[in-house]
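Here's a quick tour of how one protein chain holds itself together. Have a look at the picture first, then work through the points below.

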Amino acid sequence: QVQVVESGGGLVQAAGSLRLSCKVSGPSLDTYAVAWFRQAPGKEREIVASIFWSEGTTDYADSVKGRFTISIDNVKNTVYLQMNSLKPEDTAVYYCATDGGSGEDYDTWGQGTQVTVSS
């Protein structure tokens, strides 16, 4: 069974940093795509960053390029989102999701973790 569990959110001042973790479990992890999404109050959910487990290929939303980094620890089966130079507009609930190797929709989601950036 495919599962993801996020951790690492919190309150940080503008220009600060946080690292989010997403523990992934399931068969054939090297076939998975994993992404971080976020949803701010009153706004639609948006994809922030994604990574393909086997190739390590990454992609980022324009709003976070140069500030956020997505990476994988293959020993811990964990995907990280390192967030630097945080801005108040980064405040949102952040979700980790995976396609479980299907190559289609992100259909397995975590419970979300709150990130709040104060000005």
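**Charges, rings and a sulfur link**

Aspartate 62 counts as exposed, because its relative accessibility is 65% and the cut-off for exposed is over 50%. Keep in mind that this is a predicted model. There's one disulfide to find here, along with three aromatic pairs and four salt bridges.

**Salt bridges**

- Side chains of opposite charge can pair when their charged atoms come close.
- Aspartate 62 teams up with lysine 65 in a salt bridge, with 3.2 Å between the closest N and O atoms.
- Lysine 65 is partly exposed, at a relative accessible area of 48%.
- Aspartate 90 and arginine 38 make another salt bridge, 2.9 Å from N to O.
- That pair links distant parts of the chain, since aspartate 90 sits in the loop between β8 and β9 and arginine 38 in strand β4, 52 residues apart.
- Aspartate 90 also forms a salt bridge with arginine 67, and here the closest N and O atoms are 2.7 Å apart.
- Arginine 67 is in the loop between β6 (58–60) and β7, 23 residues from aspartate 90 in the loop between β8 and β9.
- Shared partners join Arg38, Glu46, Arg67 and Asp90 into one salt-bridge network.

**The disulfide**

- A disulfide is a covalent bond between the sulfur atoms of two cysteines.
- In this model the partners are cysteine 22 and cysteine 96, with their sulfur atoms 2.0 Å apart.
- Cysteine 22 belongs to strand β3 (residues 18–25) and cysteine 96 to strand β9 (residues 92–98), so the bond ties together parts that are 74 residues apart in sequence.
- The torsion about the S-S bond of cysteine 22 and cysteine 96 is about -75°, so this disulfide is left-handed.
- Both cysteine 22 and cysteine 96 are buried.

**The nonpolar core**

- The largest nonpolar core has 29 residues, and the ones touching the most other members are Val24, Trp36, Val79, Leu81, Met83 and Tyr94.
- Setting aside neighbours within four places in sequence, tyrosine 94 is in contact with residues including Leu20, Trp36, Leu81 and Met83.

**Aromatic rings**

- A pair of aromatic rings is described by the distance of the centres and the angle of the planes.
- Phenylalanine 37 and tryptophan 109 have ring centres 4.7 Å apart and planes at 50°, so their pair is tilted.
- Phenylalanine 37 lies in strand β4 and tryptophan 109 in strand β10 (residues 108–109), so this pair ties together parts that are 72 residues apart in sequence.
- Phenylalanine 37 is buried, at 10% relative accessible area, while tryptophan 109 is partly exposed, at 28%.
- Tryptophan 109 also pairs edge-to-face with tyrosine 95, at 6.4 Å centre to centre and 75° between the planes.
- Tyrosine 95 is partly exposed, with 21% relative accessibility.
- Phe37, Tyr95, Tyr106 and Trp109 make up one aromatic cluster.

**Charges over rings**

- Arginine 45 lies over the face of phenylalanine 37, 5.7 Å from the ring centre.
- Arginine 19 lies over the face of tyrosine 80, at 4.1 Å from the ring centre.

Definitions and conventions. Residues are numbered from 1 along each chain as its sequence is written. This is a predicted model: local features need pLDDT of at least 70, side-chain atom pairs count only at pLDDT 80 or more; totals for chains, interfaces and linings use all residues. Side-chain values use heavy atoms; hydrogens and water are left out. A disulfide is a pair of cysteine sulfur atoms within 2.5 Å. Helices (H or I, at least four residues) and strands (E, at least two) are DSSP runs, numbered from the N terminus. Buried means under 20% relative accessible area, exposed over 50%, partly exposed in between (1.4 Å probe, protein chains only). A nonpolar core is a set of buried Ala, Val, Leu, Ile, Met, Phe, Trp, Tyr and Cys residues joined through side-chain atoms within 4.5 Å. Contact means heavy atoms within 4.5 Å. Rings of Phe, Tyr and Trp (its six-membered ring) pair if their centres lie within 6.5 Å; planes under 30 degrees apart count as stacked, over 60 as edge-to-face and the rest as tilted. A charge sits over a ring if NZ of Lys or CZ of Arg is within 6 Å of the ring centre and within 35 degrees of the ring normal. A salt bridge is a side-chain nitrogen of Lys or Arg within 4 Å of a carboxyl oxygen of Asp or Glu.
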